[in-house]
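Hi,

Here is the structure I promised to pass on. Have a look at it first, and then read my notes below.

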Amino acid sequence: MYLHLGQNEVVQGRRVIGIFDLDKCSYEKRTREFLGAAEKEGVVLNLSPDIPRSFVLCDHPYHPQIVYLSPASPGALLKRSKLF
């Protein structure tokens with residue numbers, strides 16, 4: 001099973017750790033710190049030409065984790081995934 005994140009990016013469903021709403025999570029200090037640290041490590045991929053609506057945390061074979069910034073809403077990604 002695969003999940004289409006946007007901009008021709010597809011990940012395996014088993015690699016998805018979590019799907020998060022960027023609007024709701026960005027208020028939390030820990031989330032901002034986590035995303036800042038991930039960006040410094042170079043493991044953030046922005047798939048959104050505009051403001052991203054969600055971020056998807058995935059495990060990766062070459063990194064402990066990778067963060068995808070997606071233009072799709074968390075609800076749309078959950079419907080696409082059929083994982084939950």
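**The sheet and what surrounds it**

Four strands form an open sheet in the order E3-E5-E6-E4, and the pairing is mixed. At the edges are strand E3 (16-21) and E4, each of which pairs on one side only. Ignoring direction, neighbouring strands of this sheet are turned by 20° against each other on average. Strands (E, at least two residues) and helices (H or I, at least four residues) are DSSP runs, numbered from the N terminus, and two strands pair if DSSP finds at least two bridges between them. Axes are lines fitted to C-alpha atoms, for helices over the stretch in contact, and angles run from 0 to 180 degrees between N-to-C directions.

Before going further, a word on the source: this is a predicted model, in which local features need pLDDT of at least 70 and side-chain atom pairs count only at pLDDT 80 or more, while totals for chains, interfaces and linings use all residues. Residues are numbered from 1 along each chain as its sequence is written, and side-chain values use heavy atoms, with hydrogens and water left out.

Now for the pairing, strand by strand. E3 and E5 are antiparallel and share 5 bridges; there, Val16 has Cys58 in E5 as its bridge partner. E5 also runs antiparallel to E6, again over 5 bridges, with Phe55 partnered by Leu69 in E6. E4 and strand E6 (residues 66-70), on the other hand, run parallel and are joined by 3 bridges. Leu45 stands opposite Tyr68 in E6.

How many of the residues of E5 are buried? The count is 5 of the 5, so E5 is largely enclosed by the rest of the structure. Buried here means under 20% relative accessible area, exposed means over 50%, and partly exposed is in between (1.4 Å probe, protein chains only). Ser54, Val56 and Cys58 point one way from E5, whereas Phe55 and Leu57 point the other way.

The model has 1 aromatic pair. The ring centres of Phe20 and Phe55 are 4.9 Å apart and the planes are at 20°, so the pair is stacked. It links distant parts of the chain, with Phe20 in strand E3 and Phe55 in strand E5, 35 residues apart. The rule is that rings of Phe, Tyr and Trp (its six-membered ring) pair if their centres lie within 6.5 Å; planes under 30 degrees apart count as stacked, over 60 as edge-to-face and the rest as tilted. Phe55 is buried at 3% relative accessible area, while Phe20 counts as partly exposed at 30%.

**Helix H3**

Helix H3 (residues 74-81) lies across E3, E5 and E6, and runs at about 150° to E3. Its buried residues are Pro74, Leu77 and Ser81. They cover an arc of only 60° around the axis, which puts them on the same side of H3; the arc is that of the directions from the helix axis to the C-beta atoms. Strand E1 (2-6), E3, E5 and E6 are among the elements that cover these buried residues, where contact means heavy atoms within 4.5 Å. After H3 comes Lys82, with a positive phi near 55°.

**Two buried polar side chains**

Ser48 sits in the loop between strand E4 (44-46) and strand E5 (54-58), and counts as buried at 9% relative accessibility. A polar atom of its side chain lies 2.9 Å from the backbone oxygen of Asp50. Not counting residues up to four places away in sequence, Ser48 touches Leu69, Ser70 and Pro71.

Thr31, in helix H2 (residues 29-41), is buried as well, at 16% relative accessibility. A polar atom of the Thr31 side chain lies 3.4 Å from the backbone oxygen of Cys25. With the neighbours up to four places away in sequence left out, Thr31 touches Cys25 and Phe55. A polar contact is a pair of N or O atoms within 3.5 Å; within protein, one must be able to donate a hydrogen and the other to accept it, and residues adjacent in sequence count only if both atoms are side-chain atoms.

Best wishes
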